[in-house]
Amino acid sequence: MKTIVTEEELSFSSCEVGEITPAETLEYDIVVVGAGAAGVPAAGWAAELGARVALLQKEVSVVSQGNCGSAIIRSRSTEAGIEKWIHHTNSLCNWRADTKQLRAYAKYSEEAMMWLFNRAGFTTETEYGDGSKVDDNANPAALLNDGDKLSAFRSTSGDFTGVWKDRTNTYDYGDDHCYFWAPWIGPKPYNTGHALKNIVKNISETHSNLECFFSTPAVKIIKDGGRVTGVIGKNSEGKYIRFNAAKAVILATGDYTNNPAMVDKYCPDISDFDKKQRGKTGDGHLLAISAGAEMEPLGHTKMMHDFDSALMFEEPFLYLNMNGERFTNEYTGFVYMGNILRDQPAYKGSMLDPDHQDGSKGWYCMIYDNDYMSLPKDAYVDGPVPPQVMEKFIPGAVEDPKGVFKNLIDLHRCDTLEELAKELDIPFEKMKESIDRYNELCEAGCDKDFGKPAKYMNKIVKAPFWGARKHIRVSAEVSGVLTNEYGQALDNSGKPIEGLYCVGNLGGQFYGGADYPFHQTGLSLGRCYTFGMIAARHALGALTD
């Protein structure tokens, strides 16, 4: 069935219909639309390969969110281990992922990540961020500071081997290995966007064949005889410019979470939740569809999580909704909390997006008492964080807290439950009733209400009492138009649309399940870096096996 673009969808985007007469025509080999985690690598690789490149961005500068990207390190993995990773990842995507795309990521992501770190100004060394040594030909990059506050400050790398298990899934790799490298760029408020800005600056200074056009959204695709041959952009002065592309147009404009009509149509699960990003109006999706591309089948994949209102976000303490009621088995974990909170009360708190000024879904409170540090080790999933570290998340407790978005600090410590209820803005009587019931279940050693494992059932009795008001927002919508393993957009017969690539959160079907798979930190950004590279090199005939 042919995807149809509606007027309502277009009204939220930068795209335009009808005849447009450009005031100027510029000639390039590659035109990249979108300067983010996929677009910057696409433009940078193309420029370094000698192509004349135009990089269009509707914002005033490079924009990207997130801190962690990751890559599969083939030199430290077995062939069977990589194939098992592909099978494992597909299982977490409800068996709807395009395994050719997963395989392409596994094959090329190491090279894409190393390029990004080197071009961003990080120093190259012969060890990974976890300190382990690798072969010289693996070309790794160390987790070192670039001298300007931005650094790759931690690593959550891992080795898929033996039995992998989360709270709901198990996968056995046996004796095989699939190693992933996951450095974090930051710390907050610095993120990947700052590294990408460095890349654009560094490459532009050495490659005059890369030209950047900020505040210039692409508003229309140009086709000639079935081939995409360029785009029309509109600069900040309202002037239309035709950007011809002799080789290819690479769309890398991000997702559609800020286009309410598209959200309601393709992923209604997230309609009532606040969005972490701004300006993600599905421009690339609509441009691609206008050129004959097809959207992924429903339902689309969402990424929803929260790290900012307190640490220990994965610990299964008591969870109460904003009515003061316990509503779930807390051992579920944050990965699926968005699904559970869809059916819980909305709340009017801070950081509401423009579409939810009267309140949004995604709010709940995590409650525990001051005895949490003395609980047995197996009472934790990850482990306790000392009170002195937690204090930077308490409003006003630390004068200048580091590593946290100050406007999202929402952890509270009070001498009484009544004071805590007031700070969290939940009804005290209902909260006390829920805590009394929870304590009763803890005493019995059996969660008859929700079935949480007994080892995580610990009474709330010792003052001061702690409560974090959590706000689950939509980080990204990671489904897009159908593409192949090279990033080429596909038409409704499954054939590549000549001259058109769609990468990053605009391309699919890399995932396919209702929820983004959280088994590997940094998979989302790593996929963006990788397919930006793949598209540029494939378009220029430079993708080697």
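**Aromatic pairs and a helix crossing**

Student: How many aromatic pairs does the count come to?

Tutor: It comes to 26 aromatic pairs, where rings of Phe, Tyr and Trp (its six-membered ring) pair if their centres lie within 6.5 Å. Keep in mind this is a predicted model, where local features need pLDDT of at least 70, side-chain atom pairs count only at pLDDT 80 or more, and totals for chains, interfaces and linings use all residues. Residues are numbered from 1 along each chain as its sequence is written, and side-chain values use heavy atoms, with hydrogens and water left out.

Student: Why is the F160 and F180 pair called tilted?

Tutor: Planes under 30 degrees apart count as stacked, over 60 as edge-to-face and the rest as tilted. The F160 and F180 planes are at 35 degrees, with centres 5.3 Å apart, so the pair is tilted. F160 is buried and so is F180 (under 20% relative accessible area; exposed is over 50%, partly exposed in between, with a 1.4 Å probe, protein chains only).

Student: And what makes F327 and Y364 edge-to-face?

Tutor: Their planes are 75 degrees apart, with 6.1 Å centre to centre, and over 60 is the edge-to-face cut-off. Both F327 and Y364 are buried.

Student: Why are helix 3 and helix 4 called oblique to each other?

Tutor: The axes of helix 3 (residues 79-92) and helix 4 (residues 99-120) come within 10 Å and cross at roughly 135 degrees. Under 35 degrees is roughly parallel, over 145 roughly antiparallel, 65 to 115 roughly perpendicular and the rest oblique. Helix 3 and helix 4 are therefore oblique.

Key
Axes are lines fitted to C-alpha atoms, for helices over the stretch in contact, and angles run from 0 to 180 degrees between N-to-C directions. Helices (H or I, at least four residues) and strands (E, at least two) are DSSP runs, numbered from the N terminus.
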